[in-house]
Each structure stands twice: as C-alpha cells, then as structure tokens.
Amino acid sequence: MKKKRDWSLLQGESDKLKLGLKKMKLTIIFTMLVILSFGNSYSQVKVSLNFEKANIQQVLEAIEDQTDFIFLYKDGILDTEKEYSIEFTNADFEEVLKSVCEKAEVDFEVRSNRQIILTEKVGNNASSVSFQQRTVSGLVTDASGQPLPGVTVIVTGTTIGTVTTPEGEFSLSIPANAQTLQFSFVGMRSQEIPIEGRTTFTVVMEEETIGLDEVVAVGYGVQRKATLTGSVASVESEFLESRPLTNTSQALQGINGIYVNQEGGQPGNDNATIRIRGVGTLNDNNPLVLVDGIEYNLRDVNPNDVESISVLKDAASAAIYGNRAANGVILVTTKKGKEGKMTVEYNGYYGWQEATYLPDAVTNSVDFMTAMNTAYTNEGQPKPYSDAQLEEFRTGTDPDLYPNTDWHAELFSVAPMNEHNVRLSGGTSSVTYSLSLGYLNQEGILIATDAKRYSLNSNVVYKYSDKLQFGAIVNGSYWDRNQPSVSIDDFVLTGVNRPLPIHPAILSDGRYGDTWLVTPGHNLFRNPVAIANESSNRNQSKRAMINLFGEYTLPFDIKYKATYAINNYDIYNHRFIPETYIFNPKQPDVPKKLRFDPPNRSVQRTNNNNIDISFFQTLNWDWRDNSEQHNVNLLLGFSRESFYRSNFNAYVEGFLGNELTELNAGTINKDLGGTSSESKLMSYFGRANYGYLDKYLLEFNFRYDGSSRFAEGHRWGFFPSVSAAWRISEEPWIQNLDAISDLKLRASWGQLGNQNISLYSFVSNININQGGTFNKTIVPGSAVTTLADPNISWEKTTLTNIGLDLTLWSNKLQIIVDAFDKKTTDILARINVPGQVGNLTGPITNLYSMSNKGFEINVTHLNSVGDVNYRVGGNIAFVDNVVDYLAGDEQYTTNRYGNISVIKEGYPVSSWYLYEALGIFQSQEEIDSHAFQHAKTAPGDIKYRDVNDDGKIDIDDMRVMGRSIPKFTYGFNLEADYKGFDFSAFFQGVYDIDVYPWHNYGFGLYNGAGITKDQFENSWTPDNKDAKYPRLFLPARGSQINSKNSTFWLKDASYLRLKNVQLGYTVKSELLSKADISRVRVYVNAQNYLTFSKYKLTDPEKDILKQNIGDYPNSKVLTLGLNVTF
Amino acid sequence: MKKLIYIGISLLFIFQLYSCNESYLDTVSTDSYNEANWWQTENQAISSINGCYSVMRNAQISQYEQLMEDNYTPNSYSHGGDVVLATGAHNPGNVASFRNKWDICYQGIGRTNNVLDNIDRVELSQTLSDRIKGEAHFLRAFYYSTLVNYFGGVPLILESPDFAEHSDLPRNTRQEVINQVLQDLDEAVSLLPVSYTGSNIGRATKGAALALKARILLYESRWADAVNAAKQVMDLNKYSLFPDYRGLFMVENENNSEIIFDVQYLVPEYAHSYDVYLEIQINAAPTLDMINSYLMKDGLPMDESPLYDPENPYENRDPRMHQTCVIPGYMFMGKPAVRSKYFSTGFGFKKYTSFKDNVAASSSSPGTNDINYIILRYADVLLMYAEAKNEDGGPDDSVYEAINEIRARADMPDVPEGLTKEQMREVIRHERRIELVMEGRYYHDIRRWRTAEVVMNANALNIEGDVVQTRSFNPARDYLWPLHEVTIQENPVLEQNPGY
C-alpha cells in the first residue's frame, strides 16, 4: 500500500480521498502529552537504508515503508532529478531524517500524527538574513484540508498583516525581528506560530469548541472526541470566561443532561446542586468531582483557573471510578502553561447584586392585625388584638409605637461584588508554567453577609528528557465568610420572614426596638437587625492541594505515570453570641434581653481539619500497527486513597462584655468536644481500547474497589463497562454524501457503585451521649439508638447508553442524541422501624431500587452571514424516575401535618403525597353533603377529595400528587459576534416540578408570622366567595383544617430563566500594539435578569424538597468586566 | 513477546507493593463503642442504666408537654398552641404528642429491656446488680404505665428491641399491661434500696416503686391494694412533707424529704426552659375557675366564707394560691405583677418558675433552668392513701390524718369532722386539685374520675370573666388519646381507640 501523499493532491480539485493532515487539537492541557508521544515515537524508531543512486522519492518511500510516518510536500520543492547515495544501518530515525533532508535541501517539520511536512529550505542564502524585510508565505487550510480564504494573518504585536486568498494562500513582508505570526478566523481557534526563521508556513485552523478532533479528559487520560465511545460532555474555558461565576458548580449549567440547581446566593456558600442523569439514590446524589485527577470540591476551584470540564455521564466513561461513580463523574482540568513567551492575562469585573424574588408581604400593620383577628375569629378563638389596639394603630403616627415595617426592605439591599484574576503563563521546550492569583470580594444582598476568596493556582511541568517528565500542581484557596450567628437558613426563615409590620426595627433614639403588642405564637420578637448587627459567625476555610506527578516512558513505549496528592482543607468557624437589648417603646426604660440561640453571651469555635491523600499509578501502552489499521490502547492502574477527618469544638460563656470575643475571654460553662475518623479506598482499574481504522471502536473499563466503609467480606466490588462505537461517516459508501461530516453510533453498558454512607453504618454503635445528672452531678449514660445491618454494601448502578453523534455541512450543524437506562439497585436506606421497637432509628440496609430512563438531545448550529458569526444551541433532557422495588414497603416523610412525601413503588422518588383539594366549600349544605372532614369545617374551608369513598377524609385519602423531580430540563444559548462585538445569551429551564412551601409566608399567619398580600387580599369571605385562598386560618394553632398537606398548597415551580446575557467588545489590536497589549475586551453581563415562572413566592430555582422559604435568596447580578492580555 | 514480559514486570512492580496489604482497609471507630465490645465493665453497666433515665428528660415525660397538660383541664389555659385537646378538635393526625408520647415511652422500654437482658453478662457485685435490675424494672413500669394512662392497652414487649420480632405486634389488653407493670414494680420493690447517698441520690428507690404502685392501683380503682401500697410508703418513715410549699419547687431545696422520685436536671448540660414557658410565653395560665377554687383561709369556699371581700378577692385565701399563682397587683419578681404582662388570662403560674416574690429578676432565657421535675412526692402519696382508703372503707381517722397533714403544711384548717364518704371524696378531689396543680396530675385525675365530660364541656374564663376558650370533651372518645395515624401506618396491626 502506498502511503505517500502528494501535497499537490490535497490542493487539487479531486480531494475526495480526505487524506490525513489531521492535526490533533492541541489544547493547552494536552500539549505535554502530545509532545511526549511525538518525542517518543520518533526517537524510538530505527531505520536502515541502503541506496546508491536513488532519487529522493525512492528514499522517502523507503523510509515510509519502515516507519509509521508519511511525508507531505508541495510539488516542485524536491529535485527529483538528483540522485542520492545513502547508507544507514539501524540508525535513529531522527538522524536519518536530518541527513536526508539536508541532502535534499528541504526543511522538515514532524507533526504529531506521524506526518512529516517537507518545506523549502529557509535561508539558503545566509546573507539574506541581513535584509530588514523578508517575505513569508504559506497556505491555510481547515481541518479537512480545504483551503481557507479570508483568514487574517498578522505579525503579532504589529499592524502588519494580510488575509488569505481564495486559494487559502498568503504572502507577507515582515520585519526581520518579527517573532510570531497570528492567524485568526471566525469560528476557528486563533493560532500564534513562531516564525523561527522559516519563510513558508502550512497552517491548519481548528474549529472553535466543536471540532471533531478535540480531545477530552476521561478517567486517567484523554481521548479524542472523534473516537470516544462513551457519553462525555465537556465545557471549555471560553464558556466560563467573563461570567461572574462565584462558584465553579454554576459553570455546569447548560450542559446537556445535567440538572444544576442554584439554591441561593449566599456569598461563599452558593454551591449549586448537580444531578447527572436524574436522582439515583436517596443518599448522596452528588457526582464525584476530580480536579486534575484528585477528589476535590468545586467551590474551591476558581472558575478562572479552569481549562476544561468533562462530565462522564455513562457507565462506559465512569466505571473506571468504580464505587464512587454512580452519580457521574466531573473532571476538572486546570490551566497549564504552554511553550512561548510569557503572557499575562487580567480578568476582572465589578458588579451589583439584587434579590431576584422576595415574598410580597403585608407591610401595613392594621391590615396584618385585621388578618390575625379574622383568622382567630374563624378558628373560634378570641381575637389577639383588641379593637382599642387596632384603633390606636389606625390613628397613631409615632413610627416607634405604630410602625409599618417592611422587613424585606430593612434587611436587603443592592450589594456590590468584584473579582480580579491575574495569570502568568509561558514556557520553554523543557519547562512550562502557569501561575494565577484570584481575588473575589462579594457583599451579600442580605444584611451582615459577605465573603472573600483568595485563590492561587500554579502548574509547572518540567520535561527532563524525552522519556521523563514531572511536574507539580498547587491549588490553594482561602474563603473568609461572614454571617449572623444563626444558621443562614434559620436567619432567612425566622429572621427575615417572621418579623411583623407591627415590630419596630430601630427606634428613633437609635436603640433596637421591641414590640409592645402580644401576638400569640410570636410573643418574643427577635429583632433581626439587632441579631445581624450584633452577633457574628465567621467561617474561614482553607484548602491546599499539592499534586505531584511524574511520567516515565519504559521500553516499548509503555508509559508509567505516578501521581501523589495531598489535599488538605481546614475550616475554622467562630460564632459570637452577644448580649443585646431591645426596647419596648411603651416602656423605653426597661431593657429586654434579645433572645439568641443559645441564649447566653458566648463564643463557640469549631475547627475541622481534613487531609485526603491519594496515590495512584498507571501504565499506559498505545500501539498502532504499521498499516495503521489497528490501534490498541491499554491502561492499568492502582490507587490508594485515604480520607482523614477531624473536628474540635469549644464553647464558653461568662464574657464581661461584647468587646472581647475569643475563647480566652470567657470564664464559665466551658464545653468542648471533638473526634476524628478515617476512611480508605484501595482500587485496581484499567481500560482497553481497540480501534480498527478509527472506524470500529471498542472499549472496556473496569475498577475493582475496596472500601473501608463496609465490613470485611462486603468490601470489594467489581465495576466493569463495555462500549463500542461505529463511525459510519468513515465508511466509503457514506463518504460520498457531502452533507455528513461526521456520524457516529455509540453504545455502552456498565456498572457503577455508590459507597457514600456514614462511616461504621454496619455496626450498632452504643451512643454514649445519653447521660444525665443525679444530685447535681453529671453521670455518663449510654444506649443503642440506631440499629445496624452488618451486611450492607455499596449501591449498584447499571447504566446502558445508546448515542448518536451527527455533524452536518462541515460542522454547521451538530446533533448529539443519547438515550439511557440507569438502574440503581441495593439502594441504602433506613428502614422505618415502628416506634414500639424501642423507638430506634432504623438500620441502613441495601433496601430498594429505582430507575432513571432518559433521553437527551443537543443541537448546535453555527454559521457566518457576512461579518456576523453566530452559533445557536439547544438541549433538552428528559428523565423518567421510578422507584422499582421497595420490598412492598413505603417510606414516608412527615412534617407537622403528617405525611408529605413518599417513596413508593411505581412512582418517582420523593413524590409529594397529599390530599387532593377540590376547591373551597361555599355553603353549609355543601359541607353536609360532602365526606366528613372535621367537626369545625365551615364555608370558606378547603374541600378534599374522599378518594376511597368511605365518607370521611382521613390518611387513607392521601395519594401521590406531585413531583419533586422535573420531567425535563432544557437550555439554549445564542452566541454571535460582529466586528469586535460579541454577544451571548444562555437560557435554562425546568419543566413540571412542584414545590410545597408552608411555614412562614408559605401559609399566612403561620404561628404568629406575617402574610403575603396575595393571600390577605384573596382569602375567602362571605363577600368574596370566588377567592383564591380559603378563609383566613391559623396554620399552627388552629384546627388544621386548611393546613392539611394538600394539593391546594402545592405549587408548580417550572421556570425558564435567562441565566446569563453578555455583550462584549474587543478593542482593535492596532490601537494597543504600542502599549504591548495584545488584547483588550470589555463587557457587560447580566445574570438571572429574566425569569418566567408561575411560582412567585420565592425564586423558583430553589431546594425543591425544602418545605419552607428559608433559603438565602438568589440574586440578579449586573457586571462590567475587563479582560486584558499582555 | 518481549513487550509482554515488560508489561508483566511493570505490573508486578506496581502491584506487588500493595496487593497483599488488605489490612489497609481496616479502620476502627475512635469515638464510639459498639454492641460487640459492650457489656463488659461495671462502668458500662452503670452507663447503660443511666441511659434508661435520660429518656425521662424528654418533653413528653417531664418538660414542655408534661408541664402543659393542665391546659386540658379546668386548671389552666393556653392562649396559643396546643389547644385542640382542650377544644376537642383533635384527631389522630393533628397532635404530634400522640405519636411522640408513644415513641418516647417505647424508647425507655427498649432501653430497660436491653439492660435486663444483658446485665448478667457483666460481673457485678450482688448489690449493684440488684440495684440496676431494680431500677430497670421500675423504669419499665413507669414507661408502660404512662402508655396505659394515655392509650389503654399497648403492645407488651419485654425483650431487647428486635426489628423482626416486634414490628408487627398487636396491642395487648390494658389488664395485661397493668399486670406486667405491677409485677415489675414488685421486683423493683424487692431489689431497690430505700435510699442512696452522694451522686446516686435521685435514682429509683424502694419508696418510689411503692408509690408508683400505689398510683397505678389508684388509677385502676383497686382501692385496698392502693391503700396497702401507699401505707407501705408511709411506713418506710423516710418521707415527710417539706415545710414550705413554695420552696418545694425551688432548686435550693431539691432532694428534700418530700421527694420520692423526680427527673433531675443540671444547667447547662441538662437544662430546661420552664421560666420561658411560664413567665414569658405564658403557655399555661390559671383560669378564673382555678383561682376561684382556692378556699378561704377558714377552709370555706369563697362564696360561703365571711372572709371573702369582693373588693379584695385575693385576700385571706388558701396560702397556696399566692404560692402557686401570679395575681395582678401582688408581688412577683420584686415588683407588683401587671395585667398586661399576664396577657393570657390575667394570671400566671409561679410554680416551677425559678422566680421569687420579693427578689427582682429579669426574664429568663431558654435552657437556663434546672429545677427537677417531680414525678412522685409524699403529699401525693398521702392524698392517694386518703382517696383509696375513703373509697375502700370510708373516711376513717387515717383519712383525716393524711389530708389534714397536707392542710397543716399549707397553713389551712383541718377538714371538718363527720363527713360522709361522698363529702370526703369531694374534699379529697378538691385537695388534690389545689395541692398538685401544674404537676401533670390533674388531667389524669379528671379522666379517671370520669368528671372530664362535665368540667371540660365548659368555657375557660380570664380574670375579667370573659370567655377565652370554649372547651369540648366527648365522653365516648376523649377518655383515651388516639394512636397517631403514623403509628398505625408503621404497624397497621394496631387498632385505633374507639371514636377516632
């Protein structure tokens, strides 16, 4: 078989052969890997040549026959007349090549994919170097070899430039001191190519982001997207840049098949919940996150340091992570340096945040008091506020005595934030480096909350020789977060959403106000302004990961890699409870101690210290036969990981004032505690790939995992996967179809595990905190409080996936479709134990199974119209979750009104379990003719369906009535640029999901709390029978007729949200070249500015199963930003 | 072939180091014991029986819920929560206590069963072994008798909790449970010491077992047996009335001669919030009916006594009124009480608060009180004796003696001579109400006397005589609590009580 490829053929008309010139997309991350493989393959090869009087073509053919390499060259550069005498015996390929090219008077360039490009010799005439100007020329093609017209070629740092001809060629006079040429083209990744004395260039431009030859990170390695057999989604750094992401978890929003739910925007505590392919268990559903191969927390990675994120969605990709992979795996790769002169990038923004939604509460005191009195009357109880008090409020003008406080206005404000990142990177042929520093300063929209983050990422790779390289990644972050002493959820629930309009915040004399009215259920006013201003809770978390790795090439091109990482993180929490007084304006001289929890002036300090140590080693062997038909890649590895956790806490009271807040300043009631634990994992893993002609692809993965979380004999598990792909587009019969650029069919099957349960769940522990006191002496006490099942083991997930990748019209349209069936068995759950069995917490046992069947489609279209380049993409993911097996059991969750959600065979997990509300009773006759609900039911109360038709409404009438998992999630984005302007917009949506907010503002007047205007104005009265809400009632202190868990209060929280919209402008480089600046971009970004949802009480993007509105509100963020590259 | 050898060698190199090292995965819990290494030392045995007592600090036994039970009687009114049991609006789903009471009693039962099943595995002195067994029997009897008082017959489980064996057991009859309780108490009486010293003071004693036995027999209307049990307590000659009625409920007088058994507290580790419930939140407030039921100093009701002055209605009353209740205009916490502070009925409770009349104090915070909650005291035993004796054989001298002893401590005149059995019954019932108000007894009394259907179908009034609550009691249903619907859902074999 002839391998020689004539360069002229590629340029010719009939290039149906679709020949090589495939250049791997050298993303920064993999530069090092590629250099390595190239270096090795080339230095290992031995060649023997023996010619007397052969022409150059014969020589090249002979070399090609003996090696994997092919030569590419432009017609006419070789003197085919000239004859050569060459003799080498088992010589190094490099030596041979150098010698041959010298003789043939050509330059050569070895490409990563075993192509050698021959070009005309530069500087044949040594004297030409002295000329001030010289001419360079060349050819620019796309990845498939088609010439690209209109590509901008400029000398970096100057205004000297040109564009390519319709044939893709260019010619340019450049100054002698020019260092690099910059090639740019819309839709393609810009390239900078060092000139290094050459005069001709062959440049292959690569597609931006959806190029088929992209590589993506997979477990313990990288793979070409084109030959990937599993389902892997990825995000590149470009997508993350310039968005005001305060947490890397938010970066995953918009990836197909991933449900990312942002549950509030507390600075420093805004981790989004990530679900990959549905909810697979009731235990930990969080995916495994690895940063540069090490288990890590997304919160502690600065989004600006992220080069790419890969999400391993199916078992084929994830099985290599075994018993931690059941919820999917997220691989984050941080930025690395690349060869070239040092570049400095600055990325910063300044922004303003504002709450997206706040409850629209009644802020008029008289309205509120009227509502209370009405509700008490409706419940047959005496009015809490007398007519005289009401009249006093109606006519009173003193704002201390008769306030109409809008607490949301008191407690929320527009809050600034800013972030600054600087990165230095560069390298030589032996060392590459990247060093970045980041600073985020975010004020909270809620009073007394803020956070700062300082981060550092350093990445140095040293290439000692062709065989040996090693490096270190250091990732550090420090968060400093402040909030009031109460947990933030409690503060929002009871500090923000519980105070009443009748409560004064700060009196006119500056003292904190207290109420003079008695409100049942709310006798104690905990002034939230006082709590926020006077108490404190500071949380400092520090994380440092040191990741050392070395790679050595053994004989036969077997690569041995070892990674050792220490990941240390410490959390220090310091809480101060002050002694503060509030004043009743009617008795202004009687200070009342503000109630805190705990009540006394005290300091609590909690330290958590954690160290994870990972050590893993891999052997990797990549083999391709001489004919390039067969490709085998083998990976084998071994890892050990240990996770050490410890904590210590100390508490003390007896401070002399609010001034000193350290433990040492306290004197009495000292209390302390602490413990430590360790868990370990030991694993063997491997992968085998086989490819035939890059067309038929087969892959096998396994992991054999041992976990200390289970008892001996139940520790080890084997997690295999197989996958295959068929690149139909490589078949000759389809290559005639011009429309199809790529078509691949994928299928995979595999098993994964989930081991994430608390330590020692397999033994019945004796709880030793059951002590007591006799005669004022403390005595120890103990008891079994929880049952245990010694035979527990990990949860098993079996995941089958079928996918199709289709790219049409030269990447103009890309479609990815995946269908999956994910079955989780042996889900660890606590068995409900009836109270009579010692009121014990039930054992955790491998109890039930559930399945997630789903379907994902991702469509991207990109094109250029005139000067406008655009890209639109959309994705939708359906997941159908069903509990398959629960041993005939049902597991209920209860709230104060009884059952609220259920895990039940045949239904989605944690479905809402409710009475069905039929509307509102309008008359006594209607009540009498309906099933018996409650002796005190009256017109205006909610009517429930008597499902079992037994004439009474009781627990047997409850049914599954709503879902807590969306039916589908979707997103779409739009990107466009026009002459330096760029625009992007990203929408996210969730469809068919229900929330059940009761508690403060969920139910009006809950236990003496306030009421929304909506409920106050639209409650049933004899004069307003067509009302949206039942008559006013007391949800906590009444008959509970209307507060039963029913569909009446279930709300559809589907939403569509413009998550992000951005407009940027890149300043033309001519203006900047003098300042040595290569790029300046300014942008304006808006986040969460537009939301469509029926649910208005709070932000619909909330913790769905949470039955109250105690979440830190999400915020809209408007930012102005600047990116500068020097 | 050569390649394979290289691969093989490399693999060996990597895996050899660790593969045989399975023990890498062995970790041990560093801060807890487990069942396998328990029941070995004396300390563990003592710690285990202490764990049986710790259940008593639950709200259902000694804290909020228990303290508030007078709100379901004519004694007291709650202006806020927990009203449905008073107004008859309860059903099997809307009172959390229906479930919590059940669960917490079975928690205590499970722990005592565990101790009784395992205690013999530990080498202990005979004295200590007996004592621990006696305590376990006493506590098991206490928890079962509590269940019976609220629910009637319940599943009788006498072995360590076993999920497979005990999950679906049905209810035993009330009689079966009572028999077991009495048997446990007899065991306890025979095993327990009469008294303790030092840091054991507060553990169950022989007297406590006898007094609890007397109470159960009284509740069962087994008068002669009740007399006998109460008499045995009196004959121990260990207990006597504490001279100061108000001081009985003060921290400084804890473990005094009147206390037979209580639930013990200590700030800050084991604290409660009685001050907050009673003084700040006024979760319980005396009704007008309660205040009016205090006799005049001369032993006559206020509408019969010449001492009564409508202008000064709170003068010349049974001294226990001012020792128990806060009344506007009278000193409390160092200043005269004001109506507006006692917003609920106008009255408040002093009993079980830590405050004194003439000592200024600011309001308290939660978790800062540690007065022990009294389960059994000698006055109760005297009243039990008097009631049982009167029911059994009529008002003999010993009945008068018992009741007059209590009156004397309160500085009240003796009960008039020559009462009939029925008259004496009324005197005793009245005395029980006055003496034991806010101690969690009266709710059981009005139910066992079957008077609840009368006194609870009435209005609760405030100091001005305004209705603050309209109450309702359904005699066909409300003498027992329902089993919570979730309790039945957990074990569907359980039968619901009638009427629910």
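This note comments on a strand sheet in chain A and a helix pair in chain B.

1. The model is predicted, with local features requiring pLDDT of at least 70 and side-chain atom pairs pLDDT 80 or more, while totals for chains, interfaces and linings use all residues. Residues are numbered from 1 along each chain as its sequence is written, chains are lettered from A and ligands numbered from 1 in the order written, and side-chain values use heavy atoms, without hydrogens or water.

2. Chain A holds an open sheet of 4 antiparallel strands in the order S9-S8-S11-S13 (strands are DSSP runs of E, at least two residues, numbered from the N terminus; pairing needs at least two DSSP bridges). Strands S9 (161–163) and S13 (191–194) of chain A stand at the edges with a single partner strand each, so one side of each has no neighbour in the sheet. On average, neighbouring strands are turned by 20 degrees against each other, direction ignored.

3. Strand S8 (residues 152–155) of chain A runs antiparallel to S9(A), and 3 bridges join them. Ile154(A) has Gly161(A) of S9(A) as its bridge partner.

4. In chain B, helices H6 (residues 126–151) and H9 (residues 206–219) pack at about 20 degrees, with axes 11 Å apart (helices are DSSP runs of H or I, at least four residues; axes are lines fitted to C-alpha atoms over the stretch in contact, and angles run from 0 to 180 degrees between N-to-C directions). H6(B) is therefore roughly parallel to H9(B), a term for angles under 35 degrees.

How values were computed. Angles under 35 degrees count as roughly parallel, over 145 as roughly antiparallel, 65 to 115 as roughly perpendicular and the rest as oblique.
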